[in-house]
Each structure stands twice: as structure tokens, then as C-alpha cells.
Amino acid sequence: MSWLEALILGIVQGLAEYLPISSSGHLEICRQILGVDLDGAKSLEFDVMLHVATVLSTIVILWKEFLPLCRSFFTFRRDDNFYYVCKILISCIPVAIVGLCFKDTVEQFFNGNLTTVGICLCVTACLLAFAYFFRTSPLLKAGTKGDKPYQPREITWLDAFVIGCAQAVAVLPGLSRSGTTIATGILIGDKREKVAQFSFFMVIIPILGEALLDFKKIIAPSADAIAAAPEATVGPMAMLIGFLASFIVGCMACKWMIEIVKKGKMVWFAVYCLLAGILCIVF
């Protein structure tokens, strides 16, 4: 992989991780366009590195909210921040099960099959559209008239688990993690801005956990990995450039996405995902 290809993929990851358009799906599309040929394991390893960069961008942009959460949790203060972190941990249970029990199965979807990506992008479009027309749009219209059909609530324990299940399903390329989790939270009646922040925080633990597992493979590779290394390599310079691009662009996209969710304008991404999904299926 060249440094230019890594730069492009990093930019795509930084944007698509926060915007509800599926980072994994767009990385697969870009690989096909650029002709980047990596085996499933090496491709997933590079993707995880890019995801770590966007996790760090989340911490940087939301540090005012992140630090109190860490302080309360690690000092066992039993306040709202402590229980908020506990909800995040509950939301991680489904994706942890998928990662531990079905990782090999999931890796098979990262094989350049754009038909799968296209179908999942269409599913993402449907989720975003449902969230808008059944929750966001009625609330925005009612707000202009002075009444509200329902009152969005704070994220409950059950909501956290349901959103976590949505995140577990969104490991498929083409299913937007942020779009799926935010849309799910909105559909079950949670506040838009609260769901967006929760969605960005809840991915930190799974991504860092996956990164640690991959780091273990790097420092102690298997015989098969060593044999395949010369054929499918991502050099350190490409890794660094992709990481920095993903981090810098992710910082900008994170702030942008929070504002988009607050204003209830996610429906436009449904149109984009539908068109992109159709193109992937057709071509």
C-alpha cells in the first residue's frame, strides 16, 4: 500500500466513522477503486488502526465530557457519570460476543464483495429514514406549533443494551455504526444529542480491545501470518499517514456530526446511502 492510498483511506475513515454512511463500507469501496489488494486479516488490521485514530479524535473533541466520566468511574463515586459508564459497558456486551465468537465469520465479509456493502448501505438508509420520519420529523414539526407528541428521554439501561445490539450488527461492511446506533436510539425514544454522544463513546472500548488483540498478533505473529506477510503488507509510513489523516479528519467530522444530529438533518444521509448502495449492487 502506498502512502497516497493510505492517506485517502484515512480521510475516508475519519469522515465516514462519524457521518452515518459506514466507514467499513466506504473503505471497501475505496479499496476497489484504488486497487488496494489486502487479505482479510491484514485489511481488518489496517481498519482497526484507522478506527483507533478516530477513537482518539472522539476523546480529544469530547474531552470535557470524557474526563468526568473517567474520574467518576475509576474513583467509584456512584454519581450519574459512574452509571453512564456502566451503561456504556452494558452496550459493549453484544459486540464483545460477536468479536469473540464470530470474528472469523465477520472477517469473511471484508473480501471486496461490493454487493454485500450495497445491501447494507440500503439497510442503513432505511434505518435513517425511519428514525427521521417516525421520530425526528414529528418532533420538529410539533416544536414549531408549541406542542410535543412525545418527550425524548435519557438513555436507560435497557436502551443501552438495545443500542449495543445495533452496534454488534453494524460490524458488517456497509452498515453504518454511528448511523445504526443513533437511529436505533432515536427510534426507541432517546434524545438525539444524547444518543450521538453515547454512540461516539460506546465504540471506544471495542475498538481499543480489538487494537490490543491485533497488537498481540503483530508482536507474536503466527506461522501463517509470517508466510503471508511478504504478499500483503502495510508499511509503517503508510500506517502513520493513514492514522494521522483519520485522526485529523475525525476531529472535524465528530464536531460536525453532533451538530447535524441536534438539527435533525440525518435524513439526507439516508438518500446518499441509498444511492451509494444501489450503485454498489449494480456495478
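Is Phe76 buried or exposed? Phe76 is exposed because its relative accessible area is 57%, where exposed means over 50%, buried under 20%, and partly exposed in between, computed with a 1.4 Å probe on protein chains only. The views below show a predicted model, in which local features need pLDDT of at least 70 and side-chain atom pairs count only at pLDDT 80 or more, while totals for chains, interfaces and linings use all residues. Residues are numbered from 1 along each chain as its sequence is written, and side-chain values use heavy atoms, with hydrogens and water left out.

**View 1. The chain is built from 14 helices and zero strands.** Helices (H or I, at least four residues) and strands (E, at least two) are DSSP runs, numbered from the N terminus. Of the 283 residues in the chain, 50% count as buried. Contact means heavy atoms within 4.5 Å, and among contacts between residues at least 6 apart in sequence, 81% join residues at least 24 apart.

View 2. Most residues other than glycine have a negative phi. Arg71 lies in helix 4 (residues 63–74) and is partly exposed, with a relative accessible area of 42%. The C-alpha atoms of Arg71 and Asn81 are separated by 8.6 Å, although these residues are 10 residues apart along the chain.

**View 3. Helix 9 is mostly covered, with 10 of its 11 residues buried.** The buried residues of helix 9 include Arg177, Ser178, Ile182 and Ile186. Thr180, which also belongs to helix 9, counts as buried because its relative accessibility is 4%. Which residues does Thr180 touch, not counting residues up to four places away in sequence? Thr180 touches Leu127, Ala166, Ala170 and Leu175. From C-alpha to C-alpha, Thr180 and Leu127 are 6.7 Å apart in space, while 53 residues apart in sequence. After helix 9 comes Gly189, whose phi is positive, near 105°.

**View 4. The largest nonpolar core has 48 residues.** A nonpolar core is a set of buried Ala, Val, Leu, Ile, Met, Phe, Trp, Tyr and Cys residues joined through side-chain atoms within 4.5 Å. Inside the largest core, the residues with the most contacts are Ile182, Phe198, Phe201 and Met257. Apart from this core lies another, of 10 residues, among them Ala6, Leu27, Phe46 and Met239. Leaving aside its neighbours within four places in sequence, Phe198 is in contact with Tyr84, Lys87, Ile88, Ser91, Ile155, Ala160 and Ile163.

**View 5. The largest pocket has a volume of about 740 Å³.** On a 1 Å grid over the protein atoms alone, a pocket is an open set of points with protein on both sides within 12 Å along at least five of seven lines, a cavity is a set of points where a 1.4 Å probe fits but cannot get out, and lining residues have an atom within 4 Å of a point. Grid points are joined across faces, edges and corners, and a volume is the space filled by probe spheres set on the points. Of the 33 residues lining the largest pocket, the closest to its centre are Val95, Val171, Pro206, Ile207 and Glu210. The elements that give two or more residues to this lining include helix 3 (40–61), helix 6 (103–107), helix 9 (177–187) and helix 11 (204–219). The lining of the largest pocket divides into 19 nonpolar, nine polar and five charged residues. Here Ala, Val, Leu, Ile, Met, Phe, Trp, Tyr, Cys and Pro count as nonpolar, Asp, Glu, Lys and Arg as charged, and the others, Gly among them, as polar.

**View 6. One cavity of 30 Å³ or more is found in a search of the whole structure.** About 60 Å³ of space lies in the largest cavity. Its lining residues include Leu128, Tyr132, Ile186, Arg192 and Met266, and helix 7 (residues 114–145) gives the most to this lining, with four residues. By class, the lining of the largest cavity has seven nonpolar, two polar and two charged residues.
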